[in-house]
Amino acid sequence: MKKLILLSLLGMIACKDPFCEKRPDEEVGLIEKVLAKDYLAYEQNTGDLARNGIHISSAEQYRQVFSYCCATRLDSIDFSRYDLLGLTTVNRGSNSSYRREVRRDDTNKKIIYTITEHYCQKASPVDGQGNFVVIPKVPADYRVEYIRNN
């Protein structure tokens, strides 16, 4: 009986996360707000505009980019004070959650937007999302770098 209990305990310890539950999404750094996950930057001829990262800095660009999915219900953003960054990810696992981080690197004059997906088990890719975040205005002489961790 002791061997059975010991083997059961070892099996539970050896499993990566046998009772994995979805954890909440996390926002870190310069992020002021996250837009709803159904926002999709899309253009018929080009497809997903945020697949390699997108930086939106004007109301006109904002309306144009989201005309396909949500033109009638856009969140209000003051583009004189804020910019919008997006980087599309595809949910690759069960109970996925996301960590969105935006950092400012003044030494190299860049803004770094990193998306990390946390999941319990790898699964077939489903449920793409744009990961659009509102951040303070990006200085004109800065560039934006996008990093996707799966």
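How accessible is Arg-99, as relative accessibility? At 24% relative accessibility, Arg-99 counts as partly exposed, where buried means under 20% relative accessible area, exposed over 50%, and partly exposed in between (1.4 Å probe, protein chains only). This is a predicted model: local features need pLDDT of at least 70, side-chain atom pairs count only at pLDDT 80 or more, and totals for chains, interfaces and linings use all residues. Residues are numbered from 1 along each chain as its sequence is written, and side-chain values use heavy atoms, with hydrogens and water left out.

**View 1. Salt bridges around Glu-101.** Side chains of opposite charge can pair when their charged atoms come close. A salt bridge here is a side-chain nitrogen of Lys or Arg within 4 Å of a carboxyl oxygen of Asp or Glu. The structure holds eleven of them. Arg-99 pairs with Glu-101, with the closest N and O atoms 2.7 Å apart. Arg-103 also forms a salt bridge with Glu-101, at 3.5 Å between the closest N and O atoms. Glu-101 is buried, at a relative accessible area of 16%. Arg-103 is partly exposed, with 40% relative accessibility.

**View 2. The salt bridge of Lys-109 and Asp-141.** The two side chains meet at 2.8 Å, N to O. This pair links distant parts of the chain, 32 residues apart. Lys-109 sits in the loop between strand 8 and strand 9. Asp-141 sits in the loop between strand 11 (133–136) and strand 12. Helices (H or I, at least four residues) and strands (E, at least two) are DSSP runs, numbered from the N terminus. Lys-109 is partly exposed at 39% relative accessibility. Asp-141 is partly exposed too, with a relative accessible area of 46%. Elsewhere, salt bridges that share partners join Glu-26, Arg-99, Glu-101 and Arg-103 into one network.

**View 3. Lys-110 and its contacts.** Lys-110 is found in strand 9 (residues 110–118). Lys-110 is buried, with a relative accessible area of 12%. Its side chain makes a polar contact of 2.7 Å with the side chain of Glu-145. A polar contact is a pair of N or O atoms within 3.5 Å; within protein, one must be able to donate a hydrogen and the other to accept it, and residues adjacent in sequence count only if both atoms are side-chain atoms. Leaving aside residues up to four places away in sequence, Lys-110 touches Arg-103, Arg-104, Asp-105, Tyr-142, Arg-143 and Glu-145. Contact means heavy atoms within 4.5 Å.

View 4. Two strands pair if DSSP finds at least two bridges between them. Strand 8 (residues 97–105) and strand 9 run antiparallel, joined by nine bridges. Val-102 stands opposite Tyr-113 in strand 9.

**View 5. Aromatic rings around Tyr-62.** Rings of Phe, Tyr and Trp (its six-membered ring) pair if their centres lie within 6.5 Å; planes under 30 degrees apart count as stacked, over 60 as edge-to-face and the rest as tilted. The count comes to four aromatic pairs. Tyr-62 and Phe-66 are edge-to-face, 5.5 Å centre to centre, with 80 degrees between the planes. Both are buried. Tyr-62 and Phe-79 are tilted, at 5.3 Å and 55 degrees. Ring pairs link Tyr-39, Tyr-62, Phe-66, Phe-79 and Phe-132 into a cluster.
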